[in-house]
Amino acid sequence: MKLFSALLAVLALSFSIHAHALTDDDSLEFVNAITEGDIKVVKKFVEVDPANANYKSFAWSSIQMAANRGQIEVAKYLISKGADLNYVHPLSHNTAFHLAVFNGYKELATLLAKSGADVNKKLKANVSLLRPFQDVNNTDMIGFLTGLGVKDDGCKAVKCFDEPD
């Protein structure tokens, strides 16, 4: 009887865990809504399951997808719903803040910084976010980033990428 009760409990828990999981079609609709700025659809998915504010597709978080496409209204909404602003993509080592900066979305980068994003998260090989802009002498972006508190630290070597992550 105890075994039956335990199996029944595990079964009930597995249904509740997967009750709000997105189907493939839902995932595609949600990701497209994030990247295209369809706030109505984004809200629909997050209201059904608040965990979708941190949904990941190919290890990209919802806020990263919005930041990469400059979708500031979507980003504001996801931030209000608890999106993890400091999530680091496991391969690219980028955060939503990095993506907004690299794509030139200064207003979005400012929003992320003021909302609590760690502006000093390092890129791959412990490189400061300032480094790519210093390498091409982009003084406008360097000034913008230092104004947000980005520090000029991390690897200073000519070739930082030989170091392990």
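This is a predicted model: local features need pLDDT of at least 70, side-chain atom pairs count only at pLDDT 80 or more; totals for chains, interfaces and linings use all residues.
Which exposed residues does the face of helix 3 turned away from its buried side carry?

The protein chain has 165 residues, of which 38% count as buried. It contains nine helices and two strands. In sequence order the pattern is α-α-α-β-β-α-α-α-α-α-α. Among contacts in the protein chain with a separation of 6 or more, 66% are between residues 24 or more positions apart. The accessible surface amounts to about 9,500 Å², and carbon and sulfur atoms contribute 58% of that surface.

Let me now answer the opening question. On helix 3, the face turned away from the buried side carries the exposed residues Lys40, Glu47 and Val48. The helix itself spans residues 39-48, and its buried residues are Val41, Val42, Phe45 and Val46. These four lie on the same side of helix 3, because the arc they cover around the axis is only 130°. As for what covers the buried residues of helix 3, the cover includes helix 2, residues 24-36, and helix 5, residues 72-80.

On the helix 5 side, the contact is made by Ile72, Ala75, Lys76 and Ile79, and on the helix 7 side by Glu107, Leu108, Leu111 and Leu112.

I turn next to the loops. Gln71 sits in the loop between helix 4, residues 62-68, and helix 5. Is Gln71 buried or exposed? Its relative accessible area is 19%, so Gln71 is buried, the limit for that class being under 20%. Apart from neighbours within four places in sequence, Gln71 is in contact with Ile34, Thr35, Glu36, Gly37, Ala66 and Leu108.

With a relative accessibility of 3%, Ser128 counts as buried. Which residues does Ser128 contact, leaving aside its neighbours within four places in sequence? They are Lys122, Leu123, Val150, Lys151, Asp152 and Asp153. Ser128 and Cys155 are 27 residues apart in sequence, and their C-alpha atoms are 7.2 Å apart in space.

His93 is not a glycine, yet has a positive phi of about 65°. That residue, His93, is found in the loop between helix 5 and helix 6, the latter being residues 96-102. Asn137, likewise not a glycine, has a positive phi of about 55°. The loop that holds Asn137 runs between helix 8, residues 130-135, and helix 9, residues 139-147. At 57% relative accessibility, Asn137 counts as exposed, because the class begins at values over 50%.

Note on methods
Residues are numbered from 1 along each chain as its sequence is written. Side-chain values use heavy atoms; hydrogens and water are left out. Buried means under 20% relative accessible area, exposed over 50%, partly exposed in between (1.4 Å probe, protein chains only). The arc is that of the directions from the helix axis to the C-beta atoms. Contact means heavy atoms within 4.5 Å. Accessible areas come from the Shrake-Rupley method with a 1.4 Å probe; for residues, only the protein chains shown count as cover.
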